[in-house]
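Subject: Structure handover

Hello,

Here is the structure we discussed. Please look it over first; my notes follow below.

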Amino acid sequence: MTRMSLDLKRHLKDPRLVPIAEKVERGERLTFEDGLLLYETPDLSGVGAMAHHVRLRLHGLKTYYVASRRLSYTNICYTHCQFCAFQAKPGDPRAYVLSADDIIREMEKPENHGVRELHMVAGHYPKLKIDYFEDLFSRLKARFPDLHLKVFTMVEMDYYARVSGISVEEFIDRCMAAGLESCPGGGAEIFAEEIREEICIGKKEADIWLRVAEIAHRKGLPTNCTMLYGHIEKPAHRVDHLLRLRELQDRTGGFLAYIPLAYQVEDNELSRKYEIHETTGAQDLREVAVARLLLDNIPHIKAYWVMITEGLAQIGLSYGANDMDGTIIEETIAHLAGAKTPQGLTKGELDRLIRDAGFEPLERDNLYQVYA
Ligand code: V47
């Protein structure tokens, strides 16, 4: 037994965690049952200590963030996700679609100078077809050659390929040729079918998300992955979700980062139908830690300050997270559903949050190369 292993076990209050700690120290893979116990144990700080051990082994104190801008080209959506407060139906006074000119004009504004990553996800609107995206990406790249284009959930790519009458493979090839460089991790929600039937009528098949991610990875298009937690799902659904991500990553290696998404309860059908409370700080920290422990093959775990608050994201850095996401500038999906955090943070603010928590802040690009 190494000295490190003695140290790690000293942090455990629940003796049932000892075999898991031994596996963590040996770098051994955790099982479905281990995952359930990590959710069930009252020993949150023990789970956190194990996750921190892995975080230190992988990244030391290094903690990344990116100068990013969020934007949604449309909020019109024909899919019915019960948890979403962002979508608008055609005819709704809030409904909008942005043209390529609108988006370029937006990115030219002084507040967007210095942005290195443009992160776009949006509604499922059948009037947008492949030529809209090819035109948008090629014009953005012509105007801002160094801007990284991180666009589409896996479900969006499936949808827009279908409405364009082409295969997902062709859709990805053409978007990549026009400038698409990576994809965000949204839209995965919870893979378990019985939960999807309740929370995302219209995108019931989890396999679509996983199948498109696999195609993207095989084409050299890196993506992130997420899980929406804190609604009607149970721990077994969360473990199942994480292990399905791990299994795909074993085969492709294409996931860069995992982001646990805390369900925001306001102004959506799901919280009108069920009595659902906001996630607690303990729940949020446990999600970060369990992910770090189960997802042994995904390099980066984000503490997403928008959904769990800046303060908790700082603590999340000691529970397994090594990435604070980014500056964002204007966030709508979480804020329309009740998030009380700022719309964006400056690089200086992110730097201070990370440093104050005892970690080393590093500005990265989308592929985790650090800017000097
Ligand atoms: O796709 C929608 C989810 C996602 C709610 O890849 C909700 O770097 C909580 O994907 N409460 C958008 N979640 C956010 C997202 C993301 C965030 C940060 C980083 C990255 C990344 C990706 O949020 C949506 C959907 O899955 N969502 N409504 C809600 N009420």
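**The core**

The largest nonpolar core has 113 residues, and Met-50, Met-157, Tyr-258, Leu-293, Ala-303 and Tyr-304 touch the most other members. A nonpolar core here is a set of buried Ala, Val, Leu, Ile, Met, Phe, Trp, Tyr and Cys residues joined through C-beta atoms within 7 Å. Buried means 20 or more other C-beta atoms within 10 Å of the residue's own, exposed means 12 or fewer, and partly exposed lies in between; C-beta atoms are placed from the backbone. Domain 1 (3–55) and domain 2 (61–363) each give this core at least three residues.

This is a predicted model: local features need pLDDT of at least 70, side-chain atom pairs count only at pLDDT 80 or more, and totals for chains, interfaces and linings use all residues. Residues are numbered from 1 along each chain as its sequence is written.

Leu-293 touches Val-24, Leu-30, Leu-38, Met-50, Ala-51 and Val-54, leaving aside residues up to four places away in sequence. Contact means C-beta atoms, placed from the backbone, within 7 Å.

Helices (H or I, at least four residues) and strands (E, at least two) are DSSP runs, numbered from the N terminus.

**The ligand shell**

Of the 23 residues around the ligand, Pro-184, Gly-185, Gly-186, Asn-224 and Ala-337 come nearest. To count, a residue's C-beta atom, placed from the backbone, must lie within 6 Å. β7 (223–229), β8 (255–262) and α16 (333–336) each supply at least two shell residues. The largest share, three residues, comes from β7.

**Helix α17**

In α17 (residues 347–356), the buried residues are Leu-350, Leu-353 and Ile-354. They sit on the same side of α17 because they cover an arc of only 95° around the axis, taken from the directions from the helix axis to the C-beta atoms. Their cover includes β1 (62–66), α15 (310–316), β10 (323–326) and β11 (360–363). The face turned away from the buried side of α17 carries the exposed residues Gly-348 and Asp-356. Gly-358 follows α17, with a positive phi near 95°.

Best wishes

Conventions:
Domain bounds come from an automatic or database domain assignment. Two residues are in contact if their C-beta atoms, placed from the backbone, lie within 7 Å.
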